[in-house]
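Let's walk through this model together, one chain at a time. Have the sequence and the coordinates open as you read.

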Amino acid sequence: MNEEPLILAFCCHYCAYAAADLAGSMRLQYPGNVRVLRLPCTGKLEVNYILAAFERGVDGVIVAGCLEGGCHFMEGNLRARRRVERARQLLAEIGLEPERLEMFNLSSAEGTRFAEIATTMVERVQRLGNNPLRLDPKRIEHGVQEISRQAEVMLAGEKQ
Amino acid sequence: MIVADRKKISEIRDMIKDHRRVLLVGCGTCVTVCLAGGEREVGILGSALRMALRLQNRGDVVVDECTIERQCEDAFIDLLAPRVSGYDAICSLGCGAGVQALAERFPKMPVYPGLNTQFMGILESQGVWTEMCSGCGNCRLGEFAGICPITRCAKRLFNGPCGGSRDGKCEVHPDLCCGWQLICDRAVNLGILDQFERIVPPHDWSTGLDGGPRKVVREDQCIAGLCSR
């Protein structure tokens, strides 16, 4: 692997995002390669969000939603799991390794688990190597920031 | 609605191999509803195709996206026309009618299908579509309790089920309902089973596709000068 991997984590506001926050509060060590993007629910995730991340050169994508049966919006995480499966099929068709994308379920109390997930995915992506579509790291960061900004605008809009 | 599904990305990538600027055109009508060729699917295919091309060292190929309300009508294709000159091929995510409408409208532009058009059908359950109509041009649903034996019986039988009907299922596939079982069950519910004692004569297929492409003409709607075809 030539460059440090960059991983984008689509995190549900009600669980994984809080778990990531807790991991920080607990001062747990996990690789700094993960950029967290908050969604109101993983049910908000669309297949094209995932593809947009890979197209911009991100090396791996984590989708982290509530435990099955524990979704704040009833079944958003179950829908997300199906969409992740479809995105993995598309990645295989495109010629990228489907293993670069994985969905996890965790609760907001599982800060330790979030750190484990981040470590697992970084190690996996290090084994696979950089995304062959990788751009200049600054452009990837810019792309990720742009996706995050759009997500925050969307979240702000939904609160109104 | 017309139901379609997406072609493999590798097939689409190979179709456009001789082009440098490709416009993906979605359709906002039937294929949006069956989740095959609407704005979202165009976005997904665009992203996937750009990645597949870059992995083949063809990252210089431009793949742009747009979706119009209906590809099978010139009035909507008009909205697309100003953009088309900037590209050297179109990949349509409309049904076969949409692809051909674009090809007819832009005679010098190669137009490729991004979808496989399947059938006219209904949404059976979330994510599942079923064929319901073969478009034979001579509808006889009134004689068959509202269930089409041409479309829903694998053998297109007009006079009762064949010997391959078992427990309501067709011998062609264990998941396929026997069309004639459906017709008989519904006839019993409607109290019209006795109507099925008469022999149904052969179907008049002259209204079907065998005579070449068909037209429907409403003369009262044909304003002189506007009927270009």
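A residue is called buried if 20 or more other C-beta atoms lie within 10 Å of its own, exposed if 12 or fewer do, and partly exposed in between, with C-beta atoms placed from the backbone. By that count, 46% of the 160 residues of chain A are buried. This is a predicted model, in which local features need pLDDT of at least 70 and side-chain atom pairs count only at pLDDT 80 or more, while totals for chains, interfaces and linings use all residues. Residues are numbered from 1 along each chain as its sequence is written, and chains are lettered from A and ligands numbered from 1 in the order in which they are written.

Let's stay with chain A for a moment. Its secondary structure comes to 5 helices and 4 strands, where helices (H or I, at least four residues) and strands (E, at least two) are DSSP runs numbered from the N terminus. Along the sequence of chain A the pattern reads β-α-β-α-β-α-β-α-α. The radius of gyration of chain A is 15 Å, close to the 15 Å that the globule rule gives for 160 residues, so chain A is as compact as a globular protein of that length. Here the radius is taken over C-alpha atoms, and the rule is 2.2 Å times the number of residues to the power 0.38. Along its principal axes, the C-alpha trace of chain A spans about 40 × 35 × 25 Å. Two residues are in contact if their C-beta atoms, placed from the backbone, lie within 7 Å. Of the contacts in chain A with a separation of 6 or more, 83% are between residues 24 or more positions apart.

Where do the two chains meet? The contact takes 14 residues from chain A and 13 residues from chain B. On the chain B side, α1 (9–15) and α3 (39–55) each supply at least two residues, and α3(B) gives the most, with 10 residues. The residues on this side of chain B divide into 6 nonpolar (Ala, Val, Leu, Ile, Met, Phe, Trp, Tyr, Cys and Pro), 4 charged (Asp, Glu, Lys and Arg) and 3 polar (the others, Gly among them).

Now to chain B itself. An automatic or database domain assignment gives domain 1 (2–119) and domain 2 (136–211) in chain B. Taken over C-alpha atoms, the centres of these two domains are separated by 37 Å.

Chain B also holds an open sheet of 3 strands in the order β1-β6-β7, with antiparallel pairing; two strands pair if DSSP finds at least two bridges between them. β1 (2–6) and β7 (128–133) of chain B stand at the edges with a single partner strand each, so one side of each is left without a neighbour in the sheet. Strand β6 (residues 115–125) of chain B pairs with β7(B) over 5 bridges in the antiparallel sense. Within this sheet region, Leu123(B) stands opposite Trp129(B) in β7(B).

Finally, pick out two residues of chain B. Val84(B) sits in helix α5 (residues 81–84) and is partly exposed, with 18 other C-beta atoms within 10 Å. Beyond its neighbours within four places in sequence, Val84(B) is in contact with Leu23(B), Ile90(B), Phe106(B) and Met109(B). Glu73(B) lies in the loop between β3 (62–68) and α4 (74–77) of chain B. Glu73(B) is also partly exposed, with 14 other C-beta atoms within 10 Å.
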